[in-house]
Amino acid sequence: MKRITLLATAAALLSVAGLSGCAKETNLSTVGEPSLLMLTATELATKADTEVLPENTEVGVHVVELTTGETAATASWANLKHVADESGQLNMTDPEASIILTTGYTYDIYSYSPYAEGVSGEAVSAIPVNHGTDILWAKAAAEKPNAKTHSASLVFEHKMAQVEFQVVADAATEPDITGATLKVTGFYQNGTLDLSTGKVKPGSGTTDAAAVDETVELTEFGKAVCFVPVDGDMELKVEVTVPGGANAGVYSGTITRTFAPGKSTLITITVVDRNSELGLEAGLVPWVEETGDVDVNN
């Protein structure tokens, strides 16, 4: 799975003068000049290469004013919806809104995708995520605007894990796997993203306990699927069904491994002919002759 860099540019067409009323009040005695926040977006294919964020990607943006002690849960600019255009620029969807920062203040900027309604207050610690959906998260720390416009760089990371399966016939026994079908279970149905930390954990967020949902099945060959990762090993149960012929039947196995967020894993399933004859060859290891001495007494 790719790591993403999002350089987002939002509200580029809005004037500072027309939106100065959006600036927040503060009790600090020293107030700087207003600065319009500009965001631009690229997606990292690798740590070295970038590509444009896909068009129509929807992200939510939180801007946290550290100078007055805000947190992600108390941010005044919370869950502002932005959408990427064909060039990767992020544009705010509300034409009447803008993000006006204050020069001399310090800000953290959080963002996530796909956008969800109602992500503010305590909800920022349990943003719903679902099996099969890619989750992106970014944080730009300690941004300090010093001009009428301020550009911030958001580095987005994939927070789900991804897995893909392919099925091959064992080269030695050469089973006929024509028409074979696949079923993989052991996934979690849903999870939550903590906007402050970027961590995804399984379950609804109301409890730390989460159960694997055996009704969630991966059934397609060669299709990468995003899923909720956990700390430590996961156990995925694999079944390959061969519908007919000499090798008809259900072949099963288990893969146990740690799947890391942002990593894509290709797993090859090898079907071995269960009807193949066992061939044995025998060999003999020759004795190794050694000499020794011993003294005896009466």
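Valine 61 stands opposite serine 111 in strand β8, and strand β4 (residues 58-65) and β8 pair in the antiparallel sense over 6 bridges, where two strands are taken to pair if DSSP finds at least two bridges between them. The model is predicted, so that local features need pLDDT of at least 70 and side-chain atom pairs count only at pLDDT 80 or more, whereas totals for chains, interfaces and linings use all residues. Residues are numbered from 1 along each chain as its sequence is written, and side-chain values use heavy atoms, with hydrogens and water left out.

Strand β8 is also joined by 6 bridges to strand β10 (residues 136-143), the two running antiparallel, and lysine 139 in β10 is the bridge partner of tyrosine 110. Because 7 of the 7 residues of β8 (residues 107-113) are buried, this strand is largely enclosed by the rest of the structure; buried denotes under 20% relative accessible area, with exposed being over 50% and partly exposed in between (1.4 Å probe, protein chains only). Tyr107, Ile109, Ser111 and Ser113 point one way from β8, while Asp108, Tyr110 and Tyr112 point the other way, and all are buried.

The protein chain as a whole contains 0 helices and 20 strands, assigned as DSSP runs (helices H or I, at least four residues; strands E, at least two) and numbered from the N terminus. Of its 298 residues, 41% are buried. Among contacts (heavy atoms within 4.5 Å) with a separation of 6 or more, 75% are accounted for by residues 24 or more positions apart.
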